[in-house]
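Hi everyone, thanks for making time today. Please have a look at the sequence and the structure on the screen, and then I'll walk you through them.

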Amino acid sequence: MIKTRSPHIIPTMKIEYKLKPLCERRTTPLDCSHPLGFGQLRTDHMFLMDYENGQWQNLRIQPYGELNMMPGATALHYGQSVFEGAKAFLHNDNEIYTFRLTKNCERLNQSADILCMPQVPVEVQMQAIHSLLDVDRIWMPKQAGASMYIRPFLFATDDNLSVRPSEQYTYCVMLSPSGAYYEKGIKDSISLLVSTQYHRAVSGGTGAAKAAGNYAASLRAQRQAQSLGAAQVLYLDASNTYLEEAGAMNHFHITKENELIIPFFTDTILKSITSQSILTLGEQLGLTVKQQQIKLSDFINDIQNGNIIEAGGFGTAAVCTAVGHYLFEDGRRITVGDGNVGPIIKRLYETYTGLQQGKIAAPTDWLEHVASAQEVK
Ligand SMILES: Cc1ncc(COP(=O)(O)O)c(C=O)c1O
């Protein structure tokens with residue numbers, strides 16, 4: 001199996017450790033008998049650093065807690081704030097490995113660029129995240145299907161009410177031991193509301209960034225979806241002609257010719273790392289994986305005439321989630337296959353989580369070992 005043995009043990013910038021006293025930290029592993037939920041738990045510490053005078057400085061790991069920020073901070077008023085979502089896994093060798101984390105660090109910088117924010121060197125992000133995972137390693141969940149969800153984020157801190165890019169920023173990483181995003185995980189399919197009233201993004205906007213404001217703007221559509229009995233929204237382009245993506249997932253469907261089709265990555269769609277991984281794995285999954293522009297009318301016809309046999313969403317949090325039903329604002333509803341999780345999606349889920357958990361050989365560099373403090377210092 002190819003696992004890259006920590007290239008992050010040589011600190012590129014010095015991190016100051018201001019840790020909790022040992023008596024206030026978790027000392028025993030998490031109880032395996034309780035479901036964890038998603039994104040609810042916090043570990044003992046967080047990583048922080050500040051951007052001032054054009055430089056990143058004051059790298060520190062300190063107890064998880066309140067942030068110091070002025071009420072006039074640009075992030076609070078004008079939403080200059082971006083984030084990432086990645087995962088780390090405990091393997092059978094009892095060591096921790098991050099999964100495709102470099103990709104997340106690179107994407108944070110792409111989002112930062114879209115929002116006129118400074119770049120955070122990928123090496124520094126990697127060092128920050130690996131160091132934090134090491135400090136809080138006792139929090140690694142051991143439940144089947146669980147992982148450490150990693151949430152890096154970057155936000156503007158200038159105390160200034162002019163609408164302009166901030167000159168000061170904070171980069172923070174927090175960790176959340178987590179289970180499945182959708183409560184029933186791979187056991188159950190979800191329903192999506194096809195929204196023609198609300199749109200997530202328009203061309204020329206910020207849809208391809210993991211920008212905080214995109215998620216605030218999605219809440220109203222999500223509220224409508226939930227009121228109509230759907231878990232999430234399937235967004236269309238602004239002309240309501242083509243499929244875009246679903247809530248916190250890229251959308252995909254599988255045809256009876258064994259093709260897995262994901263909409264093209266445009267400037268209105270987040271370039272999902274899970275989708276990119278599936279595109280790379282391609283034939284290894286026994287499928288022809290490709291990207292296409294997908295017309296809503298063709299999509300509906302192909303579900304109804306049986307050409308489309310399974311559909312779902314890809315994302316770090318939701319992994320690979322089956323969509324059993326599409327609901328429409330006028331009350332119509334169509335069902336994919338028998339509405340349950342199909343065999344291909346089950347197999348995709350098993351393969352993908354197998355790669356993440358080190359049970360199936362992953363391509364070079366996809367998994368990176370988290371070195372322990374003795375190796376770091
Ligand atoms: C809008 C959106 N699309 C797609 C995804 C899936 O991306 P990834 O597979 O990188 O997690 C996410 C989650 O990060 C998302 O928020």
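A word you'll hear first is pLDDT, which is the predictor's confidence in each residue, on a scale from 0 to 100. We need it here, as this is a predicted model. The protein chain averages a pLDDT of 94, and 95% of the residues score at least 70. Please be careful with residues 4–11, though, where pLDDT stays under 50. For that stretch the model has 17 contacts beyond four places in sequence.

Now for the overall layout. The protein chain is divided into domain 1, covering 16–182 + 359–376, and domain 2, covering 189–340. Taken over C-alpha atoms, the centres of domain 1 and domain 2 are 27 Å apart. Where the two touch, domain 1 puts in 19 residues and domain 2 puts in 17 residues. On the domain 1 side, strand S4 (81–83), strand S5 (86–90) and helix H2 (101–114) each give two or more residues. H2 gives the most, with 5 residues. By class, that side of domain 1 has 9 nonpolar, 5 polar and 5 charged residues.

Let's move to the interior. In soluble globular proteins, nonpolar side chains tend to be buried together. Here, the largest nonpolar core has 93 residues, and it draws at least three residues from each of domain 1 and domain 2. Leu 132, Leu 154, Leu 192 and Leu 234 have the most contacts inside this core. Leaving out residues up to four places away in sequence, Leu 132 touches His 45, Phe 47, Ile 61, Val 173 and Leu 175.

So what surrounds the ligand? Among the residues around it are Gly 85, Glu 245, Met 249, Asn 250, Ser 272, Phe 314 and Thr 316. Strand S12 (249–255), helix H5 (273–281) and strand S15 (308–315) each give two or more residues to this shell. The shell has 5 nonpolar, 6 polar and 1 charged residues.

Last, two backbone details. Most residues other than glycine have a negative phi. Asn 258, however, has a positive phi of about 70 degrees. Asn 258 sits in the loop between S12 and strand S13 (259–263), and it counts as exposed because it has 12 C-beta neighbours inside 10 Å. Asp 365 also has a positive phi, near 75 degrees. Its place is the loop between helix H7 (343–356) and strand S18 (367–369). With 14 C-beta neighbours inside 10 Å, Asp 365 counts as partly exposed.

Note on methods: Residues are numbered from 1 along each chain as its sequence is written. This is a predicted model: local features need pLDDT of at least 70, side-chain atom pairs count only at pLDDT 80 or more; totals for chains, interfaces and linings use all residues. A residue is near a molecule or strand if its C-beta atom, placed from the backbone, lies within 6 Å of it. Helices (H or I, at least four residues) and strands (E, at least two) are DSSP runs, numbered from the N terminus. Ala, Val, Leu, Ile, Met, Phe, Trp, Tyr, Cys and Pro count as nonpolar, Asp, Glu, Lys and Arg as charged, and the others, Gly among them, as polar. A nonpolar core is a set of buried Ala, Val, Leu, Ile, Met, Phe, Trp, Tyr and Cys residues joined through C-beta atoms within 7 Å. A residue is buried if 20 or more other C-beta atoms lie within 10 Å of its own, exposed if 12 or fewer, and partly exposed in between; C-beta atoms are placed from the backbone. Domain bounds come from an automatic or database domain assignment. Two residues are in contact if their C-beta atoms, placed from the backbone, lie within 7 Å.
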